[in-house]
Amino acid sequence: MSTAASPSAFEANAIRRPIVVMGVAGCGKSSVGMRLAEVLGLPYQEGDDLHPQANIAKMSEGTPLNDEDRWPWLDRIGEILADHATSGIVLTCSSLKKTYRDRLRAAAGGNLAFMFLDGSKALLTQRMGNREGHFMPTSLLESQLATLERPDVEDGVVVVNIDNTPEMIADLAILGLNRLATT
């Protein structure tokens with residue numbers, strides 16, 4: 001585990017832009033997203049709640065989504081990001097492909113940051129196996145990893161390793177977001 005100084009209240013309050021907490025299933029988008037929103041004083045939106053029922057049914061059956069399944073969901077997310085383009089929001093969305101992230105960037109008017117939660121397949125599998133009440137079965141992790149186009153080199157992306165507590169991940173995320181704001 002790495003350690004980092006907790007961000008000051010000034011730093012946390014200075015971040016007023018839409019933030020998408022992204023990554024494959026099991027990376028902790030919801031836990032980290034809620035913590036990040038709390039620390040930043042921003043509203044929180046769980047992206048999974050925006051899926052059409054047909055998408056949830058498909059994933060619950062162990063069938064991966066395709067692009068046609070995802071476009072309406074991404075458009076709904078884009079509308080919410082656009083509504084919060086200047087006030088800020090923390091929203092979770094897997095955002096697995098660059099085309100998905102570019103679509104969300106365009107919807108938000110370019111004022112968008114991505115928080116990529118990165119972890120090993122072993123850790124992701126363990127976390128998915130331990131969670132309860134989620135529609136996404138562990139069997140879909142492989143398809144998500146295969147679909148993932150890593151955003152490490154894209155502008156506006158902060159990468160945080162998930163081998164930490166949600167609190168530490170949120171602190172590292174805020175430090176990274178502050179670096180984005182000053183570059």
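Buried means under 20% relative accessible area, exposed means over 50%, and partly exposed is in between (1.4 Å probe, protein chains only). This is a predicted model, in which local features need pLDDT of at least 70 and side-chain atom pairs count only at pLDDT 80 or more, while totals for chains, interfaces and linings use all residues. Residues are numbered from 1 along each chain as its sequence is written, and side-chain values use heavy atoms, with hydrogens and water left out.

**Stop one: T92.** Select T92 in strand β3 (residues 89-92); strands here are DSSP runs of E, at least two residues, and helices runs of H or I, at least four, numbered from the N terminus. T92 has a relative accessible area of 2%, so T92 is buried. Now show the side chain of E46: the T92 side chain makes a polar contact with it at 3.1 Å (N or O atoms within 3.5 Å, one able to donate a hydrogen and the other to accept it; residues adjacent in sequence count only if both atoms are side-chain atoms).

**Stop two: N55.** Hop to N55 in helix α3 (residues 53-60). N55 is buried too, at 5% relative accessibility. Setting aside neighbours within four places in sequence, select L65, D69 and W73, the contacts of N55 (heavy atoms within 4.5 Å).

**Stop three: α2 and α8.** Colour α2 (residues 29-40) and α8 (residues 166-182), whose axes come within 9 Å and cross at roughly 60°. From α2, pick S31, V32, R35, L36, V39 and L40; they meet P166, E167, I169, A170, A173 and I174 in α8.

Note on methods: Axes fitted to C-alpha atoms, helices over the stretch in contact; angles between N-to-C directions.
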